[in-house]
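Dear colleague,

I am handing over the structure below, and I would be glad if you opened it before reading my notes.

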Amino acid sequence: MEKESLEELQRRCSLFKEISQLYEANYEEKRKVQELKHKLEEIENQHKKKNKKVNENPSESEEENEPEAEQEEENEEEEEEEEEAEAEKELMEALIANEKKSKDELNEVRRLFINHFKNASTSSCPFGVKRMGELDSEPFTEAMKCSKDNHYEAMQKCTLWSKYIRDPHWHPFKFVKIRGKLTEVVDGEDKKLKGLKKELGEKAYEAVKTALIEMNEYNPSGRFPVHELWNLEEDRKATLKDVVEYMLDGWTPNKRLRRRK
């Protein structure tokens with residue numbers, strides 16, 4: 001038991017080390033965005049100060065109405081506008097790059113957690129990994145009464161429907177308006193699905209329907225199940241916040257001592 005706890009602790013240390021490296025790699029990009037924001041603010045402040053000075057000294061403005069002075073002022077304004085436009089462009093590009101990097105970073109953290117829980121040995125953990133788009137075989141065995149004679153047949157039917165779900169040419173979905181918004185839902189009038197419900201009942205139909213929805217959401221082009229971080233206690237997709245809080249909670253000395261008692 002102590003050996004298992006030590007191994008779990010080592011795996012957690014390795015996981016948090018990888019996560020910290022991801023955040024360090026993204027720090028430089030965030031710093032660049034802040035610098036560009038500061039630069040843009042400085043340009044805007046200089047522009048405001050100049051306009052304020054001109055408004056406060058109308059006599060100076062009148063003196064500068066000579067052709068050369070006027071041309072010089074126009075050139076300065078053009079340069080300022082170009083400089084401001086360039087700063088805004090740089091800032092926008094940096095923000096887009098930073099947003100993409102942040103999303104990639106979060107996806108990588110999620111992948112690390114998925115790999116962690118796939119290999120976790122503890123059964124008391126409220127988090128695990130679910131294969132989204134994979135068909136649950138239990139409703140099929142239940143529908144076939146699960147006797148020794150028809151268990152094999154139930155597995156064959158489950159395998160057949162798994163193939164249907166992965167078939168890119170079969171797309172039993174339709175669009176309906178829900179609260180004024182077009183939403184894609186499973187088409188209950190699909191010939192295959194109606195036949196399934198008639199032959200094996202509501203539970204098998206719902207199992208196929210669930211797998212179709214998951215496949216359509218997680219991997220509509222590849223058509224094969226993908227791993228997702230899952231909250232086993234609440235039977236839902238786990239958020240990174242849920243998992244981080246749970247793992248940090250396990251590192252809190254007082255709570256660890258209470259558990260041992």
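Predicted model: local features only at pLDDT ≥ 70, side-chain atom pairs only at ≥ 80, totals over all residues.

Residues are numbered from 1 along each chain as its sequence is written, and side-chain values use heavy atoms, with hydrogens and water left out.

A search of the whole structure finds 6 aromatic pairs, where rings of Phe, Tyr and Trp (its six-membered ring) pair if their centres lie within 6.5 Å, and planes under 30 degrees apart count as stacked, over 60 as edge-to-face and the rest as tilted. One of them joins Phe117 and Phe127, a tilted pair with 6.1 Å from centre to centre and 45 degrees between the planes. This pair links distant parts of the chain, since Phe117 belongs to helix H3 (residues 67-118) and Phe127 to strand S1 (residues 127-132), 10 residues apart; helices (H or I, at least four residues) and strands (E, at least two) are DSSP runs, numbered from the N terminus. Phe117 counts as buried at 7% relative accessibility, and Phe127 counts as buried at 8%, where buried means under 20% relative accessible area (1.4 Å probe, protein chains only). Ring pairs also connect Phe113, Phe117, Phe127 and Tyr246 into a cluster.

The charged end of Lys192 sits over the ring of Trp170, 5.1 Å from its centre, a label that requires NZ of Lys or CZ of Arg within 6 Å of the ring centre and within 35 degrees of the ring normal.

In helix H7, the buried residues include Ala204, Tyr205 and Leu212.

Best wishes

Methods
Buried < 20%, exposed > 50% of the residue type's maximum accessible area, 1.4 Å probe, protein only.
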